[in-house]
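Subject: Structure handover

Hello,

Here is the structure we talked about. Please open it alongside this note; my findings follow below.

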Amino acid sequence: MRLTYPKLTHLQALEAEAIHVMREVAAELERPVLLFSGGKDSIVLLRLAEKAFRPARFPFPLMHVDTGHNFPEVIEFRDRRVAELGERLIVARVQDSIDAGRVVEETGPRASRNRLQTTTLLDAIAEHGFDAAFGGARRDEERARAKERIMSFRDDFGGWDPKAQRPELWNLYNGRIRKGEHVRVFPLSNWTELDVWQYIEAEDLEVPSIYFAHEREVFRRDGMLYAVSEHVEYIDGESPFTESVRYRTVGDMSCTGAVASTARALDDVVAEIAATKITERGETRADDKISEAAMEDRKVAGYF
């Protein structure tokens, strides 16, 4: 008798790999944490964690590094989703780092708190003794991330050395770390933005409303559309106008751009992403409009 094995779809294979990664880390490391911002990638991570560990509680808390300049729709969604899951949320605030003199806030029209998050994250990791942090980064987002493994080891200062990466052959992961080190874990490394949206559609996951087309007051800068906000100063010649937009990614309002869109449903978003030739960070992140060399420097310094 010939044995037949069920064939996994592309999304099922990605899901199985990500669940395997999460279970391996939970088994090997002592104090993991899942970074949850309320964005689409971390929403997928939550669903994967549910499939990996339910009906038990997650073997780790959730944590958000909050710049204080986030979209209110996303913060509302974050708090509501965490309450629905009944899990513990730790909020590490950049404002606290500023008040403590750990970082200096930027000023001017192009000021952003996005780059200040690294210090807040490292301080929170040290304070709570976390030795692993699940993140939603994907290799398709930028060249620097394309070089990382699924498990990205960081030294005492949060730095990442691309030359010291460990092999990950046959999905075998080495989670051993020395005192003071920690590891960033990216279960979605092999996913693309389209994979994420197709998974959200297949699982019928709720996402913040700003991911869908809506009328918003925006202004144009450097070819991108930014939301009118108390956190952003205008440059001479900039003026607000109303446009139908949606967001491909969510983050600090000062450096996250919207895209003109009429996609008001999941299938419309999936079709729109399938047709685009520009990465989400390339189209919507002002902090990525820096030189490639500078990006590499930031990556080695531990920015994520």
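Start with Glu87. It counts as buried, because its relative accessibility is 10% and the cut-off for buried is under 20%. Keep in mind throughout that this is a predicted model.

**Around Glu87**

Glu87 sits in the loop between α3 (72-85) and β3. What does its side chain reach? One partner is the side chain of Arg54, in a polar contact of 2.8 Å. Another is the backbone nitrogen of Phe58, at 3.2 Å. Neighbours within four places in sequence aside, Glu87 is in contact with Arg54, Arg57, Phe58, Phe60, Leu62 and Val82.

Arg54 has a further feature. The peptide bond between Arg54 and Pro55 is cis, with omega about 15°. Pro55 belongs to the loop between α2 and β2.

**The six-stranded sheet**

An open sheet is formed by 6 strands. Their order is β3-β2-β1-β4-β6-β5, and the pairing is mixed. The edge strands are β3 (89-93) and β5 (151-154), and each of them pairs on one side only. From one strand to the next, the twist averages 30°.

Look at the β3 end. Strand β2 (residues 62-66) pairs with β3 in the parallel sense, over 5 bridges. Asp66 has Arg93 in β3 as its bridge partner.

**The four-stranded sheet**

A further open sheet has 4 strands, in the order β8-β7-β9-β10. Here the pairing is antiparallel. β8 (224-227) and β10 (259-260) stand at the edges with a single partner strand each, so one side of each has no neighbour in the sheet. The partner of β10 is strand β9 (residues 241-246): the two pair in the antiparallel sense over 2 bridges. In β10, Ala260 is the bridge partner of Val245.

**Two helix pairs**

Take α1 and α2. Helix α1 (residues 10-28) packs on helix α2 (residues 40-53) at an angle of about 70°, and their axes are 9 Å apart. α1 is therefore roughly perpendicular to α2. The crossing is right-handed. From α1, the residues that meet α2 are Glu15, Ala18, Ile19, Met22, Arg23 and Ala26. They face Leu45, Leu48, Ala49, Lys51, Ala52 and Phe53 in α2.

Then α7 and α8. Helix α7 (residues 193-203) and helix α8 (residues 266-275) pack at about 165°, with axes 10 Å apart. That angle makes α7 roughly antiparallel to α8. Their crossing is left-handed. On the α7 side, the contact is made by Glu193, Leu194, Trp197, Gln198, Ile200 and Glu201. On the α8 side, Leu266, Asp267, Val269, Val270, Ile273 and Ala274 make it.

Which residues of α7 are buried? They are Glu193, Asp195, Val196, Trp197, Tyr199 and Ile200.

**Backbone points to check**

- Asp204 is exposed, because its relative accessible area is 63% and the cut-off is over 50%.
- Asp222 also takes a positive phi of about 55°, although it is not a glycine. Its place is in the loop between β7 and β8. Asp222 is partly exposed, with a relative accessible area of 44%.

Is Ile125 buried or exposed? It is buried, at a relative accessible area of 7%. Ile125 lies in helix α5 (residues 117-128). Sequence neighbours within four places aside, Ile125 is in contact with Phe130, His182 and Arg184. From Ile125 to Met63 the C-alpha distance is 9.8 Å, and the two are 62 residues apart in sequence.

Leu172 is exposed, with a relative accessible area of 56%. Leu172 is found in the loop between β5 and β6 (182-185).

Best wishes

Definitions and conventions: Residues are numbered from 1 along each chain as its sequence is written. This is a predicted model: local features need pLDDT of at least 70, side-chain atom pairs count only at pLDDT 80 or more; totals for chains, interfaces and linings use all residues. Side-chain values use heavy atoms; hydrogens and water are left out. Two strands pair if DSSP finds at least two bridges between them. Axes are lines fitted to C-alpha atoms, for helices over the stretch in contact, and angles run from 0 to 180 degrees between N-to-C directions. Buried means under 20% relative accessible area, exposed over 50%, partly exposed in between (1.4 Å probe, protein chains only). A polar contact is a pair of N or O atoms within 3.5 Å; within protein, one must be able to donate a hydrogen and the other to accept it, and residues adjacent in sequence count only if both atoms are side-chain atoms. Contact means heavy atoms within 4.5 Å. Angles under 35 degrees count as roughly parallel, over 145 as roughly antiparallel, 65 to 115 as roughly perpendicular and the rest as oblique. A crossing is left-handed if the near helix is turned anticlockwise from the far one by less than a right angle, and right-handed if clockwise.
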